[in-house]
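Colleague: Can you walk me through the strands and sheets in this one?
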Amino acid sequence: MRDSQFEESVKRVLYEVSKNLEYDEARQALETDLDKKSKSYIPKQQEIIKQDRQKITMAAPDGSTIATMDIQSYSSRAVNPKILSQQQGSITKASKEFQENLRKRYLYQKDIMDDVILEMVYQSSNKPINERIDFKKLDGYIKAELINEGLNLPYYFSVINSNGESVYKSSDYDNIKSDDHYTQILFKNDPPNKLSYLDVVFPTKQDYIYSSLKFIVPSLIFTVVLLVTFVITASLAFRQKRLTEMKNNFINNMTHEFKTPISTISLASQMLKDSAVTKTPAMFSHISGVINDETKRLSFQVDKVLQMSLFDKKTTSLKFKEMDINRLIVGVVDTFKIKVENFGGKIVTDLSAADPFAMIDEMHFTNVIFNLLDNAVKYKKEDKPLLLQVKTWNESERLMISIQDNGIGIKKDDLRKIFEKFYRVSTGNVHDVKGFGLGLAYVKKMVEDHNGTIRAESESKIGTRFIITLPQTKK
């Protein structure tokens, strides 16, 4: 942009310089020829102009003088002075005479000028260019016009005639190594075969342009800093808003999850105190069983809430030991099988891993498997029996674990976010699917703390598959 501005400024400078040269040539021709032409010029009407001065006096009826004025009139030998003197009493007639004589004077001067201009146009183009230009004055014009445009930098110029020969060069013009040449036609009204050119070169042009950009660099850096700050601030604001919404959903869900077991325990306790309720051994066993189950349920929910503290720690204190993953999965499946069968579903296992040993924290990794199975139950189809498939196998010295269901599946937009804390798939504050949105976030963190990876594959209305990869114990 700065380079384009520079070029436009130089073009204006060279145009003004060429125009000044044309003015100089025209003025010189007028000064030289005008006097000669005016002396030798004979008017077409063969009239010689003579200027007279006359005095006009205006008088009132009582003879007193109202005003006195001087006028100049022009006459010729064809005009009789006596006639003009007889019209001294008429201002209107004198004025018309004055205007008529002035018009004749204008036509006279115009004829002289036309002849001078015609001769100048005819003769000037026949002169060599070095006779038509004062090169010192040309240098002064270039310097003055550059200053007017605010371009204060060194330059060199050359004047090239119609034959392509340089008739004048600035000192060191030939020593300048630069491609930044600017040309301008001189006396553009000359015939095409007699046109001459002005060539100007600026050896320090690039330095000038880059020096003028120095103030832009800090501004650009400051703008970038502001832009980055704005983007970060906006991103944090949206992220904070999203986290606030998720935490509000979490509080609502947590209230619901805690309220049910607490209400059940409270009701069972009141039944034990109520004297109207028959206190048979079977009744005591039933009520105590309800209280025990609801207490375990409440304890489990509390443990899930306490898992939140794990996300605020960079490292988690885990007690690793070498374990048979196949054996651990069998234990979790046996415990979970009753819950699945209550919903009319079943669990199928295919534990094909020949080397199922890995270094794990037994409690946390058990929770990982349990959370994935529990998630499959929560998002099962209402009109189709639940089918859970748990598989293990070895692949490239790593232990692979797969848990697959035939549930409602996960949409692609949600699949990217399911491992985020507090995120729940399209449920919001609706409690038809229980949970805090912490299960999968906890699973991902625990797997990563075991130096493993987890990924999800899902298709809406078909099912979901979670695949865990763990490093095997080196033997």
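Modeller: Here are some notes on strands, then on a sheet and its helices.
Modeller: This is a predicted model, so local features need pLDDT of at least 70, side-chain atom pairs need 80 or more, and totals for chains, interfaces and linings use all residues. Residues are numbered from 1 along each chain as its sequence is written, and side-chain values use heavy atoms, without hydrogens and water.

Colleague: Is strand E6 mostly buried or exposed?
Modeller: Buried. Five of the six residues in E6 (196–201) are buried, so the rest of the structure largely encloses it. Buried means under 20% relative accessible area with a 1.4 Å probe, protein chains only. Strands are DSSP runs of at least two residues, helices (H or I) of at least four, numbered from the N terminus.

Colleague: Which way does E3 run against E6?
Modeller: Antiparallel, with five bridges. Val159 sits opposite Leu198 there. Strands pair if DSSP finds at least two bridges between them.

Colleague: And how many bridges join E5 to E6?
Modeller: Six, also antiparallel. Thr183 has Asp199 as its bridge partner in E6.

Colleague: New topic. What is the strand order in the five-stranded open sheet?
Modeller: E8-E10-E11-E13-E12, with mixed pairing. E8 and E12 are at the edges with a single partner strand each, so one side of each lacks a neighbour in the sheet.

Colleague: How do E8 and E10 pair?
Modeller: In parallel, over six bridges. Asp350 stands opposite Lys391 in E10.

Colleague: Which strands does helix H11 lie across?
Modeller: E10, E11 and E13, at about 30 degrees to E11. Angles run from 0 to 180 degrees between N-to-C directions, with axes fitted to C-alpha atoms, for helices over the stretch in contact (heavy atoms within 4.5 Å).

Note on methods: Buried < 20%, exposed > 50% of the residue type's maximum accessible area, 1.4 Å probe, protein only.
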